[in-house]
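Visitor: I would like to go through this structure and ask on what grounds each label is given.
Guide: Here it is.

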Amino acid sequence: MINTRTLIGSALAAATSLAATAAYSGPAAQPSFAFEKCYGVVKAGQNDCQTATHSCAGTSTADNQPDSWLYVPAGSCAKIAGGSDKPKA
């Protein structure tokens, strides 16, 4: 009985620590292609780096946050509805 509890406890601890490690991804690596930052078009949780309101990649909390950005091929941000190469106020 104690061995079963220990095994279950260990499994839960491992799952929790794995989830915590995955949650902190840090800044996104710069892509290998010519890129620009595109602000205001990011889906929640898909941003590429920190902003004034959150600390690292993948932590934006709402769609199209004006200060959240992602890397896009150079010259394409202006073609995206709502996209801006500068943070929106």
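Predicted model: local features only at pLDDT ≥ 70, side-chain atom pairs only at ≥ 80, totals over all residues.

Visitor: What secondary structure does the chain have, and in what order do the elements run?
Guide: The chain has 1 helix and 2 strands. From the N terminus the order is α-β-β.

Visitor: How do you know that C38 and C77 are joined by a disulfide?
Guide: The two sulfur atoms are 2.1 Å apart. The cut-off for a pair of cysteine sulfurs is 2.5 Å, so the link of C38 and C77 qualifies. A search of the whole structure gives 1 disulfide.

Visitor: What is the handedness of the link between C38 and C77?
Guide: The link is right-handed, with 75° about the S-S bond.

Visitor: Why are C38 and C77 called buried?
Guide: Buried requires a relative accessible area under 20%. C38 has 0% and therefore counts as buried. C77 has 2%, so the label holds there as well.

Visitor: Why is C49 called buried?
Guide: C49 has a relative accessibility of 18%. The limit is 20%, and C49 is under that limit, so the residue counts as buried.

Visitor: How much of the chain counts as buried?
Guide: Of its 89 residues, 28% count as buried. The accessible surface of the chain is about 6,000 Å², and carbon and sulfur atoms hold 62% of that area.

Visitor: Where is N47, and why is it called buried?
Guide: N47 is in the loop between β1 (35-39) and β2 (69-73). Its relative accessibility is 2%, which is under 20%, so N47 counts as buried.

Visitor: What makes the approach of N47 to T59 a polar contact?
Guide: A polar atom of the N47 side chain lies 2.9 Å from the backbone nitrogen of T59. The cut-off for such a pair is 3.5 Å, so the distance between N47 and T59 meets it.

Visitor: Which other backbone atoms does the side chain of N47 reach?
Guide: The N47 side chain reaches the backbone nitrogen of S60 at 2.9 Å. The backbone oxygen of C49 is also reached by the N47 side chain, at 2.9 Å.

Visitor: Which residues does N47 touch beyond four places in sequence?
Guide: Among them are V42, H54, C56, S68 and W69. The C-alpha atoms of N47 and S68 are 5.9 Å apart, although 21 residues separate the pair in sequence.

Visitor: Where is S68, and why is it called buried?
Guide: S68 is in the loop between β1 and β2. Its relative accessible area is 1%, so S68 falls under the 20% limit and is buried.

Visitor: What contacts does S68 make?
Guide: The side chains of S68 and Q65 form a polar contact at 3.2 Å. Beyond four places in sequence, the contacts of S68 include C38, Y39, N47 and T51.

Visitor: Why is the pair K43 and D63 called a salt bridge?
Guide: The N to O distance between their side chains is 3.6 Å. The cut-off is 4 Å, so K43 and D63 qualify. K43 and D63 are each in the loop between β1 and β2, so the bridge ties parts 20 residues apart in sequence. The count for the structure is 1 salt bridge.

Visitor: Why is K43 called exposed and D63 partly exposed?
Guide: K43 has 52% relative accessibility, which is over 50%, so it counts as exposed. D63 has 41%, between the limits of 20% and 50%, so it is partly exposed.

Technical notes
Residues numbered from 1 in each chain as written. Heavy atoms only, no water. Helix = DSSP H or I, 4+ residues; strand = E, 2+ residues; numbered from the N terminus. Buried < 20%, exposed > 50% of the residue type's maximum accessible area, 1.4 Å probe, protein only. Polar contact = N/O pair within 3.5 Å; in protein donor to acceptor, adjacent residues only side chain to side chain. Contact = heavy atoms within 4.5 Å. Areas by Shrake-Rupley, 256 points an atom, 1.4 Å probe, with all protein chains shown as cover.
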